[in-house]
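Me: I have a model open and want to talk through the fold. Can you take my questions as they come?

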Amino acid sequence: MDANQQTPANPFGMDADCENCPALCATREQVVHGYGDVGADFLFVGEVPGRGADRTGVPFTGDERGEELQHLLGLLGLNNSLPSDDEPELENAFLTYLARCRDPERPPTDDEIRTCEPYLNAEIRMINPEILVPVGGRALTEIATEYTTTPAEEFDVTADHATTIRGRGFEIVPMADPLDLAESEREEFIDHFESLMDRDYRQTKGRRSR
């Protein structure tokens, strides 16, 4: 398979019937694993599936938050589909979550995120992106804890939005919740991210130069 070829949800054959968190098994519609270009340089990590992703099985689709992120990806040239598509045609981007199952009444617990951690680690290891994009504060905290030497409490997703943080093995570019972004903050992220995309990541990773 060509590295750029669009893949279905759960391209690595991860457990689609996981029952490690009984409470979430009772509330989820389905397990939502990662989706996108498995040769991507840019890996976006949210906290937990929204109501749309719980229905579609594809991260950041099927609801307003998902459409806002997909619209932003389209502006960056990473999504060749309409923001409303349930199976977007992504290029050089992979989407995933800290926790893979949704409870509509509450965020995931720390234990639930730790239970899903092997899935995220496997995706990061197999894709080997150049940049991790934590979407929202919880994702920033978890990614910073794992991939930086700076205490996670020193990061703030509002203050660190659209900046580059040097991590262990990756650059980290935080994004505030897409639903909370003012137009100026969206433009700030696009401008910063486009400056990063000007680098030829694919050449440094031995891939086809774009």
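Me: How many strands form the sheet, and in what order?
Reply: This is a predicted model. Its open sheet is formed by six strands, ordered E1-E3-E2-E4-E6-E5, with mixed pairing. At the edges stand strand E1 (35-36) and strand E5 (165-166), each with a single partner strand, so one side of each has no neighbour in the sheet.

Me: Which sense does E1 pair in with E3, parallel or antiparallel?
Reply: Antiparallel, over two bridges. Gly36 has Phe94 in E3 as its bridge partner.

Me: And what about E2, which sense does it pair in with E3?
Reply: Parallel: E2 and strand E3 (residues 93-97) share five bridges. Phe94 in E3 stands opposite Leu43.

Me: What about E2 and E4, how many bridges there?
Reply: Four, and E2 runs parallel to strand E4 (residues 131-134). Phe44 stands opposite Val133 in E4, and Val45 has Pro134 in E4 as its bridge partner.

Me: Is E2 buried or exposed?
Reply: Buried. Five of the five residues of strand E2 (residues 42-46) are buried, so the strand is largely enclosed by the rest of the structure. Both of its faces are covered, with Phe42, Phe44 and Gly46 on one side and Leu43 and Val45 on the other.

Me: Are the residues of E4 buried or exposed?
Reply: They are all buried: Ile131 and Val133 point one way from E4, Leu132 and Pro134 the other way.

Me: Which sense does E4 run in with E6?
Reply: Parallel, with two bridges joining E4 to strand E6 (residues 171-172). The bridge partner of Ile131 in E6 is Glu171.

Me: On to helices. Which strands does H4 lie across?
Reply: Helix H4 (residues 110-127) lies across E2, E3 and E4, and runs at about 165 degrees to E3. Helix H7 (residues 183-197) also packs on the sheet, where it touches E2 and E4. The direction of H7 makes about 165 degrees with that of E4.

Me: There's a glutamate I keep coming back to, Glu123. Which helix is it found in?
Reply: Glu123 is in helix H4.

Me: Buried or exposed?
Reply: Glu123 counts as buried, because its relative accessibility is 0% and the cut-off for buried is under 20%.

Me: What is Glu123 in contact with, leaving aside neighbours within four places in sequence?
Reply: Glu123 is in contact with Phe12, Met14, His33, Gly34, Leu43, Phe94, Thr96, Arg100 and Asn128.

Me: Change of topic, pockets. How much space lies in the largest pocket?
Reply: About 410 Å³. The pocket is lined by 26 residues, and nearest its centre lie Val48, Pro49, Gly50, Arg65 and Asp177.

Me: What is the class make-up of that lining?
Reply: The lining of the largest pocket has eleven nonpolar, nine charged and six polar residues.

Me: Which helix supplies the largest share of it?
Reply: H3, with three residues. Helix H2 (51-56) and helix H3 (64-75) each supply at least two residues of this lining.

Me: Where is Asp177 found?
Reply: Asp177 is in the loop between E6 and H7.

Me: What does Asp177 touch, not counting residues up to four places away in sequence?
Reply: Arg65 and Gly136. Arg65 is, with Asp177, among the residues that lie nearest the centre of the largest pocket. The C-alpha atoms of Asp177 and Leu69 are separated by 8.9 Å, with the two residues 108 residues apart along the chain.

Me: And the second largest pocket, how much space is in that one?
Reply: About 200 Å³. Its lining has 13 residues, of which Leu98, Ile113, Glu117, Glu142 and Glu146 lie nearest the centre.

Me: Which helix gives the most to that lining?
Reply: H4, with seven residues. H4 and helix H5 (137-147) each supply at least two.

Me: How do the residues of that lining divide by class?
Reply: Into six nonpolar, five charged and two polar residues. H4, which gives the most to this lining, is also the helix that lies across E2, E3 and E4.

Definitions and conventions:
Residues are numbered from 1 along each chain as its sequence is written. This is a predicted model: local features need pLDDT of at least 70, side-chain atom pairs count only at pLDDT 80 or more; totals for chains, interfaces and linings use all residues. Side-chain values use heavy atoms; hydrogens and water are left out. Buried means under 20% relative accessible area, exposed over 50%, partly exposed in between (1.4 Å probe, protein chains only). Two strands pair if DSSP finds at least two bridges between them. Contact means heavy atoms within 4.5 Å. Axes are lines fitted to C-alpha atoms, for helices over the stretch in contact, and angles run from 0 to 180 degrees between N-to-C directions. On a 1 Å grid over the protein atoms alone, a cavity is a set of points where a 1.4 Å probe fits but cannot get out, and a pocket is an open set with protein on both sides within 12 Å along at least five of seven lines; lining residues have an atom within 4 Å of a point. Grid points are joined across faces, edges and corners, and a volume is the space filled by probe spheres set on the points. Ala, Val, Leu, Ile, Met, Phe, Trp, Tyr, Cys and Pro count as nonpolar, Asp, Glu, Lys and Arg as charged, and the others, Gly among them, as polar.
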